[in-house]
Amino acid sequence: MTAPTGSVLLAGAVARLRAAGIPDPQRDARRLLAHALEIAPGRLTLVLPELVSPAAEARFAAALDRRAAREPVSHIVGLRGFWGRDFRVSRDVLDPRPETETLIEAALSAPFSNVLDLGTGSGCILLTLLLDRPGTAGTGTDISAPALAVARENADRLGCDGARFVLSDWDAAVEGRFDLVVSNPPYIAEAEMPGLAPDLAFESRGALTDGGDGLSAYRAIARAAPARLTPGGRLLVEIGPTQARAVSAIFAGAGLETVAIRPDLDDRDRVVEARVAAPGT
């Protein structure tokens, strides 16, 4: 039997993923075919008329099976793009998402020399900040050893030698102060979990929810921040779009002053920026 061309395989894949309810079947099918062919996605159009080897066809079929079962494309190919770089991801970490780039933009809007990333996961926030500000250094903490293994792999892949990673419950195993503290903590309330997209079932549950009201991480960060921030240092946390008022209140109770609430590109509240409140305020 004659081997199929890439175009034929792609057309069949799009139809299959559409039938499985995948939101953007064309995009996902193209990404998975490029992965199966072991080429850069940007080269796919050039090779679509060519015949596909049995080995590549088998890889593509296996990838389609996984995507039809709602496993994220990033987990199948092992990479997720963020701030212009590819980060290794797995079930042990939260996939980097475009809305988190709001936090990156806010962090880069002012100088810093050392960063503490609480709950670092894949390391995408910490590594992005250090790579975009050469000469800076930082520490990423996580309570998950498998997550830290992913972060360290990303640091090695991206050539970031200013990052260190510490197994820690928030800042418990960290010493010293930092002029920038950042975090994208688990902020989805347990009651909201059943309504999430099916793809999220493949991501680390501990990176998505605290198993309660979605605010416990901010309480822990608020307790930690005053002892970890240098005078004038900044705290930046990602939040859910309805949590700005609650998070600001938690911070105020810990002696932190909210100085900005930053929206994402969809104009939803996404980042709270705070500092240690000055005496008398």
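Let's start where H1 meets H2. Gly6, Leu10, Ala13, Val14, Leu17 and Arg18 in H1 meet Pro25, Gln26, Asp28, Ala29, Arg30 and Leu33 in H2. Contact here means heavy atoms within 4.5 Å. By class, this contact has seven nonpolar, two polar and three charged residues. Nonpolar covers Ala, Val, Leu, Ile, Met, Phe, Trp, Tyr, Cys and Pro; charged covers Asp, Glu, Lys and Arg; the others, Gly among them, count as polar.

A word on the source. This is a predicted model: local features need pLDDT of at least 70, side-chain atom pairs count only at pLDDT 80 or more, and totals for chains, interfaces and linings use all residues. Residues are numbered from 1 along each chain as its sequence is written, and side-chain values use heavy atoms, with hydrogens and water left out.

The element names are DSSP runs, numbered from the N terminus: helices are H or I with at least four residues, strands are E with at least two.

Back to the helices. H1 and H2 pack at an angle of about 135°, with their axes 9 Å apart. That makes H1 oblique to H2. On terms: axes are lines fitted to C-alpha atoms, for helices over the stretch in contact, and angles run from 0 to 180 degrees between N-to-C directions. Under 35 degrees counts as roughly parallel, over 145 as roughly antiparallel, 65 to 115 as roughly perpendicular, and the rest as oblique. The H1 and H2 crossing is right-handed.

Now bring in H4. Helix H2 spans residues 25–37, and its axis lies 8 Å from that of H4, at an angle of about 140°. So H2 is oblique to H4. H2 passes H4 in a right-handed crossing. From H2, the residues in contact are Asp28, Ala29, Leu32, Leu33, Ala36 and Leu37; from H4, they are Ala56, Arg59, Phe60, Ala63, Leu64 and Arg67. The class count is nine nonpolar, no polar and three charged residues.

How do the axes of H1 and H4 cross? At roughly 15°, coming within 10 Å; H1 is residues 6–19 and H4 is residues 54–68. H1 and H4 are therefore roughly parallel to each other. H1 passes H4 in a right-handed crossing. Leu9, Ala13, Arg16 and Leu17 in H1 meet Glu57, Phe60, Ala61, Leu64, Asp65, Arg67 and Ala68 in H4. That contact has seven nonpolar, no polar and four charged residues.

What does the record say about this part? UniProt, in an unreviewed entry, lists residues 9–78 as "domain: Release factor glutamine methyltransferase N-terminal". UniProt positions are in the numbering used here, feature names are shortened, and annotations may be inferred rather than shown by experiment. The span 9–78 is 69% helix and 0% strand, and its end C-alpha atoms lie 22 Å apart.

Next, the sheet. Seven strands form an open, mixed sheet in the order E5-E4-E3-E6-E7-E9-E8. Strands E5 (163–167) and E8 (256–263) stand at the edges, each with a single partner strand, so one side of each has no neighbour in the sheet. Pairing requires at least two DSSP bridges between two strands. The twist averages 20° from one strand to the next.

E3 (residues 114–118) and E6 (residues 178–183) pair in the parallel sense over four bridges. Leu118 has Ser183 as its bridge partner in E6. Helix H7 (residues 124–132) packs on the sheet, touching E3, E4 (137–142), E5 and E6. The direction of H7 makes about 160° with that of E5.

Over residues 100–213 the chain is 30% helix and 19% strand.

On to E9. E7 (residues 229–238) and E9 (residues 269–276) pair in the antiparallel sense over four bridges. Leu235 is bridged to Ala274 in E9. E8 and E9 are also antiparallel, over seven bridges. They form a hairpin with five residues between them, and Asp267 in the turn has a positive phi of about 65°.

Where is Leu94? In the loop between strand E2 (85–88) and helix H6 (101–107). Leaving aside its neighbours within four places in sequence, Leu94 is in contact with Ser122, Asn184, Glu203, Ala207 and Leu208.

Note on methods:
Left-handed = near helix turned anticlockwise from the far one by under 90°.
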